[in-house]
Amino acid sequence: MSVTIGSHQIGGTAPAFVIAEIGLNHNGSVEIAKQLIDVAAAAGANAVKFQKRTPEIATPEHMRDVPRETPWGTMSYLDYRYRVEFGRDEYVEVGDYATLRGLEWFASPWDVPSVEFLEDLDVRAHKVASASLTDIELLEALRATGKPVILSTGMSTMEEIDRAVAVLGTDNLVLLHATSTYPMEPNEANLRMIPVLRDRFPGVPVGYSGHERGLQISLAAVAMGAVAVERHITLDRTMWGSDHAASLEPGGFTTLVRDIRIIEEARGDGVKKVFEGELAPKAKLRRVGA
């Protein structure tokens with residue numbers, strides 16, 4: 001079974017759907033967001049993803065007044081959330097820019113008003129962040145849109161995943177195995193969860209959302225059958241912000257997409273055959289025929 005987002009099929013025999021997670025790595029700047037869209041397009045990604053919050057709803061109560069050092073001075077965590085949040089005009093600008101660059105674009109809404117905000121912009125799909133997997137009200141609002149939903153499963157138990165899938169339904173759902181450590185160490189990757197999720201939810205495409213340093217684990221996920229790969233991207237990992245250190249810079253992201261396509265080609269079809277390139281070595285080296 002596959003899910004269609006825009007002109008792209010996810011699952012089945014389709015190439016892996018590569019999502020460049022911009023998130024909040026634009027640091028509230030439309031210009032930086034456009035530069036990151038350029039990075040994603042040049043690398044050959046299929047989509048870019050943002051995050052959309054209504055800060056007064058999505059910010060946990062105990063975090064609101066916590067001081068945060070920012071490039072704009074010390075401010076409360078809630079004020080910081082307002083500072084980096086794009087409004088409608090900014091989303092129209094970056095969304096149109098992504099479309100012009102040949103990319104799908106969507107976002108992770110963190111609350112119900114953000115679902116309504118994104119629906120008003122007619123996004124093609126919605127993404128559920130791992131932190132929102134247990135927000136049943138949000139999941140119900142997303143189910144009601146009828147749009148494809150991509151669900152990340154980090155920081156969650158299997159029982160919580162079961163409940164979220166029961167709310168969302170399986171008809172238009174993509175699951176992403178994830179571990180929500182930033183950055184993630186290899187011993188927390190647990191890539192064997194990819195076939196576990198595939199077996200537990202038959203017909204639901206299963207991919208991988210990575211927060212590790214480097215490329216190896218994401219590439220291994222594709223080798224294990226991940227049908228979508230999401231990675232954060234940044235212009236520079238040393239930039240200010242919580243997600244930059246676990247993000248890929250332009251060169252790394254370009255290499256990731258290139259190597260994903262090589263691995264997909266190398267996986268083959270699982271049918272043993274003698275390839276044309278083997279015929280000459282076979283004639284030269286095989287002494288005893290079948």
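These legends walk through several close-up views of a predicted model.

Local features here need pLDDT of at least 70 and side-chain atom pairs count only at pLDDT 80 or more, while totals for chains, interfaces and linings use all residues. Residues are numbered from 1 along each chain as its sequence is written, and side-chain values use heavy atoms, with hydrogens and water left out.

**View 1. The annotated domain, residues 36–272.** An unreviewed UniProt entry places the feature "domain: PseI/NeuA/B-like" here; such annotations may be inferred rather than shown by experiment. Over these residues the chain is 41% helix and 18% strand, with the end C-alpha atoms 42 Å apart. Helices (H or I, at least four residues) and strands (E, at least two) are DSSP runs, numbered from the N terminus.

**View 2. Strand 3, residues 17–23, and its cover.** Because seven of its seven residues are buried, strand 3 is largely enclosed by the rest of the structure. Buried means under 20% relative accessible area, with exposed over 50% and partly exposed in between (1.4 Å probe, protein chains only). In a regular strand, side chains alternate between the two faces of the sheet. Here one side carries Phe17, Ile19, Glu21 and Gly23, and the other Val18, Ala20 and Ile22.

**View 3. The neighbours of strand 3.** Strands pair if DSSP finds at least two bridges between them. Strand 3 runs parallel to strand 12 (residues 228–232), joined by five bridges, and pairs in the parallel sense with strand 4 (residues 47–52) over four. Look for Ala20: it stands opposite Arg231 in strand 12, and its bridge partner in strand 4 is Val48.

**View 4. Helix 9, residues 216–223.** Its buried residues are Ile217, Ser218, Leu219, Ala221 and Val222. What covers them includes helix 8 (193–200), strand 11 (206–210), strand 12 and helix 10 (250–267). After helix 9 comes Gly225, whose phi is positive, near 105°.

**View 5. The largest nonpolar core, with 37 residues.** Such a core is a set of buried Ala, Val, Leu, Ile, Met, Phe, Trp, Tyr and Cys residues joined through side-chain atoms within 4.5 Å. Val48, Phe50, Tyr91, Trp105 and Phe253 have the most contacts inside this one. Helix 1 gives the largest share, nine residues. Which residues does Trp105 touch, not counting residues up to four places away in sequence? Among them are Val48, Phe50, Tyr91 and Leu118, where contact means heavy atoms within 4.5 Å.
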